[in-house]
Amino acid sequence: MDRARASQLLRKHMDAHNLHDWSARLNPVPLDSKYQYLGLCSYKDKAIILNAHFIDTHLEPQVESVILHEVAHALCPNEGHNIVWANKARELGSSELG
């Protein structure tokens, strides 16, 4: 998947869930870094951050699932990966539940 498309998709999902005041960021963190992640939700910064290297090496359905995983976090603050968050992630269509 290309980074421009991932950014568009992230913004689309954030806007669809009224996260208009949140920002979308791509960070180039190597997949072998000790700070490895596919996506992050930062409540403090009101940002969803995707790993640009993950985007470069994966297909759109996988990237979109991670996007939906992070949007679920944004919609369920302080829930971590508990059942409330998991239900929201499923509702949004994410298959990334861990």
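**The sheet and its core**

Strands S1 and S3 run parallel and are joined by 5 bridges. Please keep in mind that this is a predicted model. The points below start with the sheet, move on to the helices and end with the nonpolar core.

**Sheet**
- The sheet is open and has 3 strands in the order S1-S3-S2, with mixed pairing.
- S1 (23-27) and S2 (39-42) are the edge strands, each pairing on one side only.
- On average, neighbouring strands of this sheet are turned by 20° against each other, direction ignored.
- If you want a spot to look at, find Leu26, which stands opposite Leu50 in S3.

**Helices on the sheet**
- H1 packs on the sheet and touches S1 and S3; the direction of H1 makes about 150° with that of S1.
- H3 lies across S2 and S3 and runs at about 15° to S2.

**Nonpolar core**
- In soluble globular proteins, nonpolar side chains tend to be buried together.
- Here, the largest nonpolar core has 22 residues, and those with the most contacts inside it are Met14, Trp22, Ile48, Ile67 and Val71.
- At least two residues of this core come from each of H1 (3-16), S3 (47-51), H2 (52-57), H3 (60-75) and H4 (83-92).
- H3 gives the most to this core, with 7 residues.
- Leaving aside neighbours within four places in sequence, Met14 is in contact with Leu19, His20, Trp22, Ser23, Ala24, Ile48 and Val71.

Definitions and conventions: Residues numbered from 1 in each chain as written. Predicted model: local features only at pLDDT ≥ 70, side-chain atom pairs only at ≥ 80, totals over all residues. Heavy atoms only, no water. Core = buried A, V, L, I, M, F, W, Y, C linked by side-chain atoms within 4.5 Å. Buried < 20%, exposed > 50% of the residue type's maximum accessible area, 1.4 Å probe, protein only. Helix = DSSP H or I, 4+ residues; strand = E, 2+ residues; numbered from the N terminus. Contact = heavy atoms within 4.5 Å. Pairing = 2+ DSSP bridges. Axes fitted to C-alpha atoms, helices over the stretch in contact; angles between N-to-C directions.
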